[in-house]
Amino acid sequence: MLETDAIERVPTGINGFDQVAIGGLPSGRPTLVTGTTGSGKTIFAGEFLARGIAKFDQPGVFVTFEEPPAAIRRNFVSLGFPIEQWEAEGKWVFVDAAESKDEEAAVIGAYDFGALTSRIEHAVRRIGASRVALDSLGAVFARFADAGIVRRESHRLAAALNSLGVTSVITAERTSEYDGVSRYGVEEFVVDNVIILRNVLVGERRRRTVEIVKFRGAPHRTGEWLFTIDPHEGFVVIPLAFLGMPSTTASSTRVSSGNSGLDRMCGGGFYRDAVVLLSGPSGSGKTLTSLKFLDEGVAAGERCLGFTFDETREQMRRNAAGWGIDLEAQEEAGQLKVVCDYPEVAALEDYFIRIRRAVMDFQPHRLVIDTLSALERIGTPRALLDLVIALGAVVRERRITTLFTSAPISRFTPVQTPSIARELASLTDVTIALRYFQAAGMIKRTVAVVQNRGSAHDEAVRQITIDSEGMHIGDPIASVEEMEAAGLDAPPWPGVIGDI
């Protein structure tokens, strides 16, 4: 646990960032936010002001060196920030520091920072601003050929902001994701706080991260933290934006999985707020179990939400109908919402936002994600783990019984995809393994409850059969020794949690 510090903090209000910053930006100081093109610098700077007004009633000044104020107003409308209204109310002021082409031609290689600081000071005092955002200094510093001049002018600007007593964000460009902090290599030395935004290409997909490089004299969380820019929610750090919510009492109420045999194996069903991981190869019964889990919820009068990344809506409806489940009728009745999509159409962090928004809007009692393995195609192992952590926080707070499914690499082995194998088991309450084994030229299925937190459970590995009525759980299979004596393959269920 990180200790709190004596330096006063100003909460940014940006989703998840204040958790990384352990309370917000150090008060009364300028913070340099650097990043390559498209990394989110302007969004961060604008949200710093907008959240300050909306959440804390702290007026702000936005100094723009590139985009005209009209463009910034327009870009932030989609996030629900009424900048024009705030301007009329005296809560937001623009200082347009972008020079016209004529002025630029007349003053090559120079910029009057004295006049700029006077304009900023006037705007701050006029509305009583406590926050200032400057975006982006690169447009001005590009006019100077000497890095020494850039450093001197940066120092002058930082000193002027300090004298005003405002908490400020200054954005600047950088030329690469992991080489240096800023374009000129000097800007970071004249400010107390430095934040880097990255937009790295990983596996043909962009991955945005935020890193606090330094908060002079103030603790902060280290390393890179995944974030996304959502069209509706803006800058969102994952998973921290959704952790640390008020805790609720753990539920002792049991709900049915939709399979009476599985309920008995789990000690009477799942706890209402349980997060369940169902692991098994393709064709072992994961989707069937998921559909029965949702169908049981609908039958109990609950609202159910399902996300599938392996099948189309038509395939889902056809397969469900084969087991007597009418998904279309359940959706028309408003008790069920099913979202079918291919993972490749969006980034992993964007899917988290979509799932969370659907949870907030639909308010389900049950949630299914089928399958996590499909999402591995579009994200790094760390990003997928962050998604599961964040989703866990969201569903536990709302006591949503949640079923994740996941597939191992091979149909006939217990080896799970390495990226999520061990970590997932520690994040879930119930872990169930579906497996195959071969006997007398036939493929047979088994089920085992590997863990069930806070509850006794059946420790046997049982045979299962699937027919038109669903999954049937039978007797325990023979011991390893008996199977080997019979010439059968060793049972491919996990011996330890890490093999799931």
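**View 1. Val63 sits across from Leu134 of strand 6.** Welcome to the first close-up of this predicted model, in which local features need pLDDT of at least 70 and side-chain atom pairs count only at pLDDT 80 or more, while totals for chains, interfaces and linings use all residues. Numbering starts from 1 along each chain as its sequence is written, and side-chain values use heavy atoms, with hydrogens and water left out. Strand 4 (residues 60–64) and strand 6 (residues 131–135) run parallel and are joined by five bridges; strands pair if DSSP finds at least two bridges between them. Helices (H or I, at least four residues) and strands (E, at least two) are DSSP runs, numbered from the N terminus.

View 2. Ile196 is a handy landmark in strand 8 (residues 193–202). With a relative accessible area of 3%, Ile196 is buried (buried means under 20%, exposed over 50%, partly exposed in between, with a 1.4 Å probe and protein chains only). Ile196 and Glu211 are 15 residues apart along the chain, and their C-alpha atoms are separated by 5.2 Å.

**View 3. Helix 13 (residues 348–362) packs with helix 15 (residues 381–397).** The packing angle is about 10 degrees, and the axes lie 10 Å apart; axes are lines fitted to C-alpha atoms, for helices over the stretch in contact, with angles from 0 to 180 degrees between N-to-C directions. That angle makes helix 13 roughly parallel to helix 15 (under 35 degrees is roughly parallel, over 145 roughly antiparallel, 65 to 115 roughly perpendicular, and the rest oblique). From helix 13, the contact draws on Leu348, Phe352, Ile355, Arg356 and Val359. Helix 15 contributes Ala383, Leu384, Leu387, Ala390, Leu391 and Val394.

**View 4. Asp135 and Ser136 are joined by a cis peptide bond.** Omega at this bond is about -10 degrees. Ser136 belongs to the loop between strand 6 and helix 7 (138–141). Another cis peptide bond to look for runs from Asp370 to Thr371, with omega near 0 degrees. Thr371 is placed in the loop between strand 17 (366–370) and helix 14 (372–375).

**View 5. Ile22 and Asp57 are non-glycine residues with a positive phi.** Phi of Ile22 is near 55 degrees. You will find Ile22 in the loop between helix 1 (17–20) and strand 2 (25–26), where it counts as partly exposed at 21% relative accessibility. Asp57 has a phi of about 55 degrees and lies in the loop between helix 2 (41–56) and strand 4. Asp57 is exposed, with a relative accessible area of 52%.

**View 6. Strand 19 (residues 430–439) and strand 20 (residues 442–452) run antiparallel and are joined by 10 bridges.**

**View 7. Leu277 and Thr431 lie 154 residues apart in sequence but 4.9 Å apart in space, C-alpha to C-alpha.** Leu277 is part of strand 14 (residues 275–279) and counts as buried at 1% relative accessibility. Stepping back to the chain as a whole, residues 24 or more positions apart account for 70% of the contacts with a separation of 6 or more. The chain has 17 helices and 22 strands, and buried residues make up 54% of its 500 residues.

Note on methods. Contact means heavy atoms within 4.5 Å.
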